[in-house]
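Work through the exercises below with the sequence and the model in view. Each task is followed by its solution.

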Amino acid sequence: MRPMSQAIIELTAETTQQGVSRRHFIKGAIAASAAVSSANYLFRANGGALLAQSPAAGAVERLITLNINGRSRRLEVPPMETLGFTLRYKLGLTGTKIGCDRAECGACTVLVDGVPLYSCSLLTHTVRGREVTTIEGLEAEDGTLHPMQQAILEEQGFQCAFCMSGFIMNTVALLDSNQNPTRKEVAEWLSGNLCRCADYDKILTSVMRAAEITRGA
Ligand code: FES
Ligand code: FES
């Protein structure tokens with residue numbers, strides 16, 4: 001395939017010599033769309049990095065500071081990069097999982113100022129100046145697990161555990177606001193998290209146990 005720039009030069013030359021014809025217009029459109037398709041392929045092949053774009057200087061890459069698990073992290077983040085991507089592929093915080101990558105499964109849930117949000121659908125630039133907590137930030141410095149982590153160890157609440165960190169982070173937010181939820185309230189609160197192993201009964205049991213631990217019961 002010719003590069004798009006070459007196709008445009010040829011098209012312009014032909015147009016100048018012969019005037020615009022329907023054949024020339026179609027030829028140029030095909031060349032342009034092929035180049036765009038190729039750009040999309042490059043975009044996907046890099047897991048979302050904006051490789052194929054050619055932005056104006058200074059318009060894309062920006063150096064920003066993030067507060068992740070109580071630490072300041074300074075890094076370059078393009079405006080369209082998602083928090084899930086930044087956490088996993090730039091900061092190595094792979095406890096946050098990317099499942100659907102379109103705000104449906106909850107696997108990517110993290111806390112932003114204590115609020116559970118889908119990191120796959122949140123632009124990293126929007127969390128500047130806010131406190132982001134991931135699964136890696138739950139354990140206390142002395143190694144004490146969060147009650148939900150402890151409860152999962154006791155109840156063996158997950159099978160493959162791909163969905164687990166998302167459920168845990170959402171449960172942390174629940175227990176911050178309600179330490180004595182009913183099983184029904186837990187199910188409703190966690191309705192934005194999906195488990196492909198359908199291990200919901202044990203997950204709910206784990207959350208109920210986590211609530212007990214939180215209350216000191
Ligand atoms: S990966 Fe974010 S909601 Fe599924
Ligand atoms: S335990 Fe496998 S997806 Fe939830």
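From the N terminus, the elements of the protein run α-α-β-β-α-β-β-β-α-α-α-α. Helices (H or I, at least four residues) and strands (E, at least two) are DSSP runs, numbered from the N terminus. This is a predicted model: local features need pLDDT of at least 70, side-chain atom pairs count only at pLDDT 80 or more, and totals for chains, interfaces and linings use all residues. Residues are numbered from 1 along each chain as its sequence is written, while chains are lettered from A and ligands numbered from 1 in the order in which they are written.

**Exercise 1.** State how α4 and α7 are oriented to each other, and which residues make the contact.

Solution. Begin with the axes, which are lines fitted to C-alpha atoms, for helices over the stretch in contact, with angles from 0 to 180 degrees between N-to-C directions. Those of α4 (residues 147–155) and α7 (residues 200–215) come within 8 Å and cross at roughly 125°. Next, classify the angle: under 35 degrees is roughly parallel, over 145 roughly antiparallel, 65 to 115 roughly perpendicular, and the rest oblique. α4 and α7 are therefore oblique to each other. Finally, list the contact (C-beta atoms, placed from the backbone, within 7 Å). From α4 it takes Pro147, Met148, Gln150, Ala151, Ile152, Glu154 and Glu155, and from α7 Lys202, Thr205, Ser206, Val207, Arg209, Ala210, Ile213 and Thr214.

**Exercise 2.** Describe the packing of α4 against α5.

Solution. The axes of α4 and α5 (residues 164–177) lie 9 Å apart at an angle of about 125°. That makes α4 oblique to α5. On the α4 side are Pro147, Met148 and Gln149, which meet Ile168, Thr171, Val172 and Leu175 of α5.

**Exercise 3.** Find which residues touch the most other members of the largest nonpolar core, and which element supplies its largest share.

Solution. A nonpolar core is a set of buried Ala, Val, Leu, Ile, Met, Phe, Trp, Tyr and Cys residues joined through C-beta atoms within 7 Å. A residue is buried if 20 or more other C-beta atoms lie within 10 Å of its own, exposed if 12 or fewer, and partly exposed in between. The largest core has 35 residues, of which Met148, Ile168 and Val172 touch the most other members. Elements supplying at least two residues each include β1 (63–68), α3 (83–90), α4 and α7. The largest share, seven residues, comes from α5. Leaving out residues up to four places away in sequence, Ile168 touches Ile135, Met148 and Gln149.

Key. Contact = placed C-beta atoms within 7 Å.
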